[in-house]
Amino acid sequence: MNVLRGGRVVDADGTREADVAVEGGEIVAVGDVDADGGEVIDVSGRFVAPGLIDTHVHLMMDGRPDTGTVHGESEATAAYRAAANLRKALRAGVTTLRDLGARDSLALDARRAVAEGVIEGPRVLAVGQNITMTGGHGHPWGREADGPDEVLKAAREQLKRGADAVKCMATGGVLTEGALTGAPELTPDELDALVEAANAKGVPTAAHAHGVVGIKNAVRAGITSVEHGTYMDREAAELMAARGTYWVPTASALRGIADHGTEAGIPAEAVEKTEAAIEHYERAFEHALDAGVRIAMGTDAGTPFNFFDEIPRELELLVEYGLTPKAALEAATVNAASLLGLTDVGRVAEGYRADLVVLEADPSEDAAAWRDPAHVFSDGKRVV
Ligand SMILES: [Zn+2]
């Protein structure tokens, strides 16, 4: 048994003085703990928080300005890149992440490689390939499908491979050349078919959606989370709040493009689309916060200037857009766990996985506290 002694525990339940005892990858006690001959790690003056959960990443990308250039690369290159990304994320304090679309079985294989201890990384959940209409957003690495029957089959294919969720494109995107950011792509009938396939297996669904028509189509179809949600209006926010649909804002993705621009090598079309979207995005936060939409943290890591070792910056961006540091903490812990359907991560509590970060400041008061953790424990093992 290892004991983190003398620190203050901080999670969605608040901040309190408590030791944390860890054994066999699990938190076995929180409170006054007898070390019992195990290793004692002095964390006095520090804060012990749950490891971060990023519900939206792309392991095959690496934050390069033009993501299109990954497509010509070999599978082995993509796999090495995924391994490097996983290591960076873990060392930054991310102990669970979900890949929302990769070529072929890359992310599903990464899940296995981490679980078997072949490579170092956070616990991985993966959707396999994202489902998109023929020529739709993300088609170069997605599974193209048209009509409810084909979409149903495409979703079932991913589930057969062991997908932890099903991801689709409800609108165009920023990074696919020619795709209109706001325009609906999969139709309501196609979205219904996709949700039906996922519900039969009890796994969540995620819809990439920028434009408001596509957002509403996805919500009405019963999608679990809207990704990006850039043009969300009041009606969409109220609909999401009423139905319990999660919003994963991926602020790092938008800001990675907007804050760097064409001079950094990002394709002009992506920069133009992003600049046109930025004010709507600020309003989306106002609508979501007013309506009480549940927010889960996701970065879209891998997109331009959106690096795996900077994932914790997303919490600072969420605060910039109006969340409190406490709400950002909840988005990246309990809300993210609940969106992913995980019951053993997101809190510092007995019976939870020993995924912990030790910080110098209280992250429920300052979102920048997540930068440069003093220690990171994953499944009870100290990696930093
Ligand atoms: Zn994405």
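# Reading the terms in a predicted model

User: What makes S1 and strand S6 a pair?

Analyst: There are 3 bridges between S1 and strand S6 (residues 40-42), and the two run parallel. Two strands pair if DSSP finds at least two bridges between them, so S1 and S6 meet that rule. One such link is Val-3, whose bridge partner in S6 is Val-40. Strands here are DSSP runs of E with at least two residues, helices are runs of H or I with at least four, and both are numbered from the N terminus.

User: What kind of model is this, and which pLDDT limits apply?

Analyst: This is a predicted model, where local features need pLDDT of at least 70 and side-chain atom pairs count only at pLDDT 80 or more, while totals for chains, interfaces and linings use all residues. Residues are numbered from 1 along each chain as its sequence is written.

User: Which way do S1 and strand S4 run, and how many bridges join them?

Analyst: They run antiparallel. Asn-2 has Val-22 as its bridge partner in S4.

User: How many helices and strands are in the protein chain?

Analyst: The protein chain has 11 helices and 20 strands.

User: Why does the radius of gyration agree with a compact globule?

Analyst: The globule rule is 2.2 Å times the number of residues to the power 0.38, and the radius is taken over C-alpha atoms. For 384 residues a compact globule would be near 21 Å; the protein chain has 20 Å, so the two agree. The C-alpha trace spans about 60 × 45 × 40 Å along its principal axes.

User: What are the domains, and how far apart are their centres?

Analyst: Domain 1 is 2-50 + 345-382, and domain 2 is 52-311. Those bounds come from an automatic or database domain assignment. The C-alpha centres of the two domains lie 30 Å apart.

User: How many residues of domain 1 and domain 2 are in contact?

Analyst: 8 residues of domain 1 are in contact with 8 residues of domain 2 (contact: C-beta atoms, placed from the backbone, within 7 Å). On the domain 1 side, 5 residues are nonpolar, 2 polar and 1 charged. Ala, Val, Leu, Ile, Met, Phe, Trp, Tyr, Cys and Pro count as nonpolar; Asp, Glu, Lys and Arg as charged; the others, Gly among them, as polar.

User: What makes helix H7 "mostly covered"?

Analyst: 7 of the 8 residues of H7 (residues 251-258) are buried. A residue is buried if 20 or more other C-beta atoms lie within 10 Å of its own, exposed if 12 or fewer, and partly exposed in between, with C-beta atoms placed from the backbone. The buried residues include Leu-254 and Arg-255. Their cover includes helix H8 (268-291) and helix H9 (313-320). Strand S8 is also mostly covered, with 6 of its 6 residues buried.

User: Why is Asp-300 called buried?

Analyst: Asp-300 has 27 other C-beta atoms within 10 Å, so the 20 or more rule makes it buried. Asp-300 lies in the loop between strand S17 (294-295) and H9. Its phi is positive, about 70°, although it is not a glycine.

User: How do you know whether Asp-379 is buried, exposed or partly exposed?

Analyst: Asp-379 has 19 other C-beta atoms within 10 Å, so it is partly exposed. Asp-379 is in the loop between strand S19 (375-378) and strand S20 (381-382).

User: What class does Val-383 get, and why?

Analyst: Val-383 has 16 C-beta neighbours inside 10 Å, so it counts as partly exposed. Val-383 sits in the segment after S20. Not counting residues up to four places away in sequence, Val-383 touches Leu-90, Arg-91, Glu-120, Val-376 and Ser-378.

Notes: Two residues are in contact if their C-beta atoms, placed from the backbone, lie within 7 Å.
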